Amino acid sequence: MPDKPLLLLPRSAPMPREVTRRMIRNNLRLPGRQDQGQRLGPQFTNMLEAFVTDAPAGTSTENILVLETIGRPENFRTAVASVPGLRWLAEIDQEVEADARFFERPKIGSRFFKDRVFALDARDSREITASLKANGVIDEDGILQEGVSDDQIHAVIPEDYREQAEQILAAINEEKASPLPGRMYLSLSNRQALQEIKRMFDTWEQGGRLRFGAGAWGEIFSHLRTMRFWNAKDRVTETGILDYWQKEVAYKRGTASMVAFEIELSYEDDEPSRRERQRHVEALVVREGGTVIASCDMKEIHFHAIKVELPVANIERVLGEDYSALFQDGGILFFRPSPQCAVDAFADGVADDIPPLPEPEEPPVVAVLDGLPFSRHNLLNGFVIIDDPDNFADDYPPREMNHGTAMVSLICHGELDAGENPITRKVYVRPILRPDTESPQERRPERIPKNVFFEDLVERAVRKMFAEVAGEPASAPSVRIINLSVADPDRMFHQFPGPTARLLDWLSFKYKVLFCVSAGNIKEPVLLGVEPDEFSALTGEEKVSVALRTWYGERRNRRLLAPSESINSLTVGALHDDASTPVILDGCLDILPSTDLPSPLSPLGHGFRSSVKPDIVVPGGRQFFTHIGDGEYNLPRLTPRSGQKVAAVPVMAGDRTRTTYTCGTSNANALAVRGASFIHDAVLDVLEEHGIENYEDSMAALIKTLLVHGASWGEAADIIESAVLNGEHTTEVKKGIARCLGYGRPDFAKVINCTASRATAIGFGVIAKDQRHEYQLPLPPSLSGLDCWRRLTITLAWLSPISVDSRKYRKAALTFEATEPANDIGGSRAEAQWQQVRNGTLQHEIIEGAEVRAFQEGQYLVIPVQCREDAGPLNVEVPYGLVVSLEVKEDVDLPLYEEIRSLIEVSVRETVRVV
C-alpha cells in the first residue's frame, strides 16, 4: 500500500433529490394548419396509394413509417398506442436545416458577441445587446424580433463598434441559420393504420377535436416536416454497407463468389411475429440464390437479424440501384456489413533475452476477449487462463496468434521498452477471433468467425464468466474489467448506438462489469496535399498544423468505430506516443511529430448525444507513413521498428522469447486495462484496510471513475485550438478539443498515490431514482486565506440500465453540481464544456484558481450526487463511483493530505454504515 493511500469520503444518508425547474422558452416558428394540410395532405394520399398489400414479389404487408418533425414533440409512444395496427419501433433525435416554414428566432444574450467577434470582450457584448434591446431589435429576453432586417440591425449598432459591424451581423445571421432540433419517429404500420392517421390529420387540419386518447397527434401534426416510408436508401445509409459491398464486388466481380452481410429486421415484442418475419425474409434470400448463415435474436437489446450470403452479381445490381424484393421489403431496418474486426499479421520481430518469470497467484480481475494468445511465451507463461469452449485453438497455429499475444503482453507488462513491473494477477482470456479460413495469405488475418454473430459470441462469452451455463459454474466471477480491443472498420458510429454497443451496455449493467473498448483504427490514406520534400522542409509546428487540419477536416469520415460508442464502456483513443527509440526505414515519415497529440490512426468523437468520447487517450505508439503520390500518405508495407514493444509469436518451434513493435488504439486500450488492474488492487487494499463491505456492485464504476480522474488536456489543447479551432466560440473550441482528446491523457499512478500536497478521496454506492447522496471533503485549515494556485478535480461515473427503443437510451442520469465547490475554493471550471460532460455516464470536472478564500474551522466541500430518470422507467438502483482530489503545487509547503486525512477519519465509521 502507498505511504499516502486513497482516502474515503464521508457520505450522508440518502435524501430526496433537489429539483431545479428551468423555464425553457420555445422560439420555434411553425406553419399553420392550412399550410400543413396543403403540404402533407398529398403525401398521405400518395403513401396510401403506394402501400403494398399483397405484392407478387413477396414484400411485406407492413412498412416502416417515418415521421420527421421539426422540434421534438413528446408522447409519440402514446400516440402510436392509440392507433390499431401501428407499432412503436424507435425515435431518434437529429438536426434539420431551417427553411421558410420552420425556423427559430435566435436568442442574443448579453455575452453573445464575446468570442464570436474578434477583439470583443464581455463588456463590449453587453453594450451591443443593450442597444439592440433599446431599439427593439431584440425583446426583453434577448429574442430577435421577427422581420428585422440587416439594415435595421446595422443602424442601431453603437458607434464605437461600427468597425466590427459586418462581423456582428454575420454572427447574428449565422445563429439564425443554425440547425433546428428535430426528431425521426419510426413505427411499423399497415394500410389500415395509415388510413386512421390520415383521418385524424384531416380532422386536425379542419380545426376539429381529435378523438379521446389521440390528442398527442395534434402536436405531432403541427411539428411534422415530412412523412414517408423507410426505403432502400435508409437501409444502407450510414451503416457502412455500401463501401463494404463496393470492395467485395471489386474483388469478386465475375466469379461465383458470395458476399456475406447482415440484415437487421424491425424488432417486434411478439415472438411469433418475429419468427414469421424472419421466415419471410429468409425466403426472399433463397429466392435470390442466397443462403442464410446464422440468426440472432436478443430481446434485451431489441436486436433481430440474420447473416446471409448473396451472389456477387446480385450485390452489383443493388449498387446500381436495381432493388429486388429483398431490398425493398418493408420489415427490414438495416443492411449491415458482416463484422470483419480483422487484424493483419504482425512483423516477425526478433529473438530477445527474456527469462521465464514468476507466475502470479491472484485470481483474475481482467478478462480479454480477443484472439488466442501464445501463452507459452516466456512473458505470458503462467499469466494466462485460457477458456476456449468453441475450440478455436484447433485452427489456430502459434504463428498466427498475433493480436491476442500483443494485447495480453501489454496488459501484463506494459511497453517492454518502459521496463515496468508486471501485474499481480492472472488474466482470463476467451478467444473471439480466429484465423480467416478463406484468406489466401500464408499468414492469415484474425477475425470474427463468419458463421456467428459478433453479438452472440460476446454475449455467450460474458454470460459464461458470471453465470452458471449448462450446469457448469461461472468461469471467471472475480473479473471486473473486460478488455475488448476489437473494432469493426466498416461500422462508424451514427446517431444511435449500434447492436454491439447496446449489448455491451446491457451486459455492463447486468453483471456490474466495466468494458474497456478501443476506439478503432482509421487506416485510410491521409491526403496532406504536400509532397515529402516540401513537408520535410517545414518546421515541426508547421508539420503538426498541416496534419491536424487534414485530420480534423476529415472528422466525418473518422468517427468512432463500433462498438466504442457504448455509453457504459470506457472508450480509449490512442496518443502518438510510446517508450521506444524508433528505427525508421527509408521512405517512412512521421506526419505528426508531437507525442502530445492523438495518433493519426485514432478516430474522433463525439459519442451518443454528443457525449465526450473517446473518454481518454493513452499512448498507442508512433505510427509512421509512406508517400504514395500526389501528397497522399499511407501505412507502410514494411513495418519500421517503432511503436510499442510487445511479446511476439514464434517463427520456429521452441521460439518463446520473440518481441515485435506495434501501434494502434488496441494497444492504448490494453494499457488502460493494465492501469485498471492496478487501480482495482489499490482500491481493494483501502476498502479491506477500513473493513468496508458490500462494494462489489460498485467496483467497476469506481474503477471507471479512477481511470479518468487523472486525465487532463495539457498542452495538446492549445496546439489543437491554434491549428484547427482558432476563432471559434469558446463552447465550440471546448467541444472540438474533446472530440480529439476526450477528457485527455490519464495518469493512472497519480490517482492511487497521494502526496503531501495532493489528497484523493473516493466514494461509491448504489443510488435510486430521485435520491441524493451528499459527500463531504474537509477543507484543510492550512489553505485558508492563502494566495496560491489550487486544483479541485471531481469525477463521477456510473453504469446505467438502458432503454433500447427510446431516443434518450440512458435510463439513469447522475450528476453533481460543481458551482458551489468552485466558489468555495476560489476557482473556475477548466477544460471540458460543462454541459457536454453530463451527456454520458461520466462527469469529469476540473476547477482551478488562485483566489484567496478563508475557510471556517470544520468547513467542508459538499458534493451532492443526484439521480434522475432519463429514458425510464428507472426502477433499479444504479451503481456509481465518485473521486475527489484537492491539490496545490508541490513547491507549496502545506500538509494538505495529512490535514484532510485527519478530518476525514472521524466520519469514516458513519460512511461505512450508509454504504
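A cavity is a set of grid points where a 1.4 Å probe fits but cannot get out. In this predicted model, a search of the whole structure finds seven cavities of 30 Å³ or more.

**View 1. The largest cavity and its lining.** The largest cavity holds about 80 Å³ of space. It is lined by 14 residues, of which Ser611, Val612, Asp615, Gly840 and Thr841 are the closest to its centre. Sorted by class, the lining comprises five nonpolar, six polar and three charged residues.

**View 2. The six-stranded open sheet.** The strands follow the order S1-S29-S36-S31-S34-S33, with mixed pairing. Strand S1 (7-8) and strand S33 (828-830) are at the edges; each has a single partner strand, so one side of each is left without a neighbour in the sheet. Strands S29 (residues 758-767) and S36 (residues 878-888) run antiparallel and are joined by 10 bridges. Val766 is placed opposite Pro879 of S36. Across S1, S29 and S36 lies helix H24 (residues 896-905), which runs at about 35 degrees to S29.

**View 3. The four-stranded open sheet.** Here the order is S5-S7-S4-S8 and the pairing is antiparallel. The edges are formed by strand S5 (86-96) and strand S8 (224-229), each with a single partner strand, so one side of each lacks a neighbour in the sheet. From one strand to the next, the twist averages 20 degrees.

View 4. S5 and strand S7 (residues 180-189) run antiparallel, joined by 10 bridges. Ile92 stands opposite Met184 in S7. Helix H1 (residues 33-50) packs on this sheet and touches strand S4 (63-70) and S8; the direction of H1 makes about 10 degrees with that of S8.

Note on methods
Residues are numbered from 1 along each chain as its sequence is written. This is a predicted model: local features need pLDDT of at least 70, side-chain atom pairs count only at pLDDT 80 or more; totals for chains, interfaces and linings use all residues. Side-chain values use heavy atoms; hydrogens and water are left out. Two strands pair if DSSP finds at least two bridges between them. Helices (H or I, at least four residues) and strands (E, at least two) are DSSP runs, numbered from the N terminus. Contact means heavy atoms within 4.5 Å. Axes are lines fitted to C-alpha atoms, for helices over the stretch in contact, and angles run from 0 to 180 degrees between N-to-C directions. On a 1 Å grid over the protein atoms alone, a cavity is a set of points where a 1.4 Å probe fits but cannot get out, and a pocket is an open set with protein on both sides within 12 Å along at least five of seven lines; lining residues have an atom within 4 Å of a point. Grid points are joined across faces, edges and corners, and a volume is the space filled by probe spheres set on the points. Ala, Val, Leu, Ile, Met, Phe, Trp, Tyr, Cys and Pro count as nonpolar, Asp, Glu, Lys and Arg as charged, and the others, Gly among them, as polar.
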